[in-house]
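Visitor: Please show me the model, and then let me ask about it piece by piece.

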Amino acid sequence: MDIKALRNETPGVNEVIHFNNAGASLITQKTLDAQLGYLKEEALFGGYETAAKYEKRINAFYTEIAKLLNAEPEEIAYTESATVAWERAFFSIDFKPGDEIVCDHTSYASNYIAHLQAEQRYGTKTVVIPANHFGEVDVEALKTLISAKTKLISITHMPTNGGLVNPAEAIGRVANEHHILYLLDACQSAGQYPLDVRKIGCDFLSSTGRKYLRGPRGTGFLYASKKILKSITPINLDLHSAEWNSINSFKQLDNAKKFETWESNIAAKIGLITAVQQINEIGIDKICNRVTEVADYLRDELSKIKEITVQDIGRVKSGIVTFTSSKFTPLEMKKFFSENKINTVTPTLSGTRIDMEARKLDAVLRSSVHYYNTKEEIDTFASLIKQMHR
Ligand SMILES: *Cc1c(COP(=O)(O)O)cnc(C)c1O
């Protein structure tokens, strides 16, 4: 990868050291221009008219995301966030009293709140799979938790609060063997890690545009397998996802667009297409290797500082690097980094409560790196941390 050239097309790298790619990545000039250009045409010629003119380009959304996931374009829906995608899938499942939802210990707050809401609304029960010795979802334990009551396996691929990668494919094999629905939150993995829905064997996969895919804010997508599309009716049907074909009837679409609604931010969609196209062009394997290399280097440099404890778990680690200090709180560190034009964030207990409580962590400092980050940036970061601990 020509990192220098890739940085040259990312204007933000001249302003900040951006270690908040798990929050929102810096977009490229091309992605910015694509959106601005589209917005300008909408303003000059009309929203519907511009959409008609760019119909082919807009449809590239489905082929590009499908390519990224080894899915088919008919299995992809555009949404405004990962949460919207995930909730549309989740709340479309016909939960019955007594059904069990089996989920991971690194569940994202929004997903777990939905699990709890399902308990209140449908009388379901939430079962948390314990972590194995490495901190990953324990697949052997999962096998013992499956019963006739298990309705859904709901898993976070990469948690928001640390370097862990959960074994999505091994979990998929268990789900498929027992014919249980499998919903995968790939919010942090899309764009930094290879995702093959055929190999994973999930029924649904949700993600956002702004994180490792380097798309604009306010974008996301849902993958729904052809198999599940036949048997599920979304909660969000409207005149786009269904046709009102007689006064007393409607017919829903048979593709994943039935999880969309009519109105959407098309300029943002155009931006996301541009971003995903670039990821597909570079190749996700190359990106994954580079992210791993940069993240490993960061973890190495951090572990040389005696006041710092790297808090990442799992055998396979992502570009999300988290740590704590024996001298400063994560918030104090974040403030100091920010004064020095380094972007980081501080995930807290309530974002991933099961895992944070188990590890007795209130908050961590999260420095999430992407392929366009450099060792020089990490050296600057590491010397700043040393300086503040001196
Ligand atoms: C960020 C995140 C989400 C939510 O994504 P939105 O686009 O903000 O809805 C869901 N799951 C995980 C693991 C995340 O990190």
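**A strand residue, the ligand and the salt bridges**

Guide: T322 is part of strand β12, residues 320-325; helices (H or I, at least four residues) and strands (E, at least two) are DSSP runs numbered from the N terminus. This is a predicted model, where local features need pLDDT of at least 70, side-chain atom pairs count only at pLDDT 80 or more, and totals for chains, interfaces and linings use all residues. Residues are numbered from 1 along each chain as its sequence is written, and side-chain values use heavy atoms, with hydrogens and water left out.

Visitor: Is T322 buried or exposed?

Guide: The cut-offs come first: buried means under 20% relative accessible area, exposed over 50%, and partly exposed in between (1.4 Å probe, protein chains only). T322 has 0% relative accessibility, so the residue counts as buried.

Visitor: With which side chain does the side chain of T322 make a polar contact?

Guide: A polar contact is a pair of N or O atoms within 3.5 Å; within protein, one must be able to donate a hydrogen and the other to accept it, and residues adjacent in sequence count only if both atoms are side-chain atoms. For T322 the distance is 2.6 Å, and the partner is the side chain of D312.

Visitor: How many residues surround the ligand?

Guide: A residue is near a molecule or strand if one of its heavy atoms lies within 4 Å of it. The closest are T83, D185, T208, R210 and K211. By class, the shell has four nonpolar, six polar and three charged residues. Here Ala, Val, Leu, Ile, Met, Phe, Trp, Tyr, Cys and Pro count as nonpolar, Asp, Glu, Lys and Arg as charged, and the others, Gly among them, as polar; the number surrounding the ligand is 13.

Visitor: What percentage of the ligand's exposed area does the protein bury?

Guide: Start with the polar atoms. An oxygen atom of the ligand is 3.0 Å from a polar backbone atom of A82, and a polar side-chain atom of Q188 lies 2.9 Å from a ligand oxygen. The side chain of K211 also places an N or O atom 2.9 Å from an oxygen of the ligand. Taken alone the ligand exposes 390 Å², and the share buried by the protein is 92%.

Visitor: How many salt bridges does a search of the whole structure find?

Guide: Each one is a side-chain nitrogen of Lys or Arg within 4 Å of a carboxyl oxygen of Asp or Glu. The search finds 18.

Visitor: How many residues apart are K151 and D94?

Guide: These two form a salt bridge, with the closest N and O atoms 3.2 Å apart. K151 sits in strand β5 (residues 150-156), and D94 in the loop between α5 (82-90) and β3 (100-104), so the pair links distant parts of the chain. K151 is partly exposed at 21%, and D94 is partly exposed at 46%.

Guide: K125 and E100 form a salt bridge, their closest N and O atoms being 3.8 Å apart. K125 lies in strand β4 (residues 125-129), and E100 in strand β3. K125 is partly exposed at 49%. E100 has a relative accessible area of 9%, which means buried.

Conventions. Accessible areas come from the Shrake-Rupley method with a 1.4 Å probe; for residues, only the protein chains shown count as cover.
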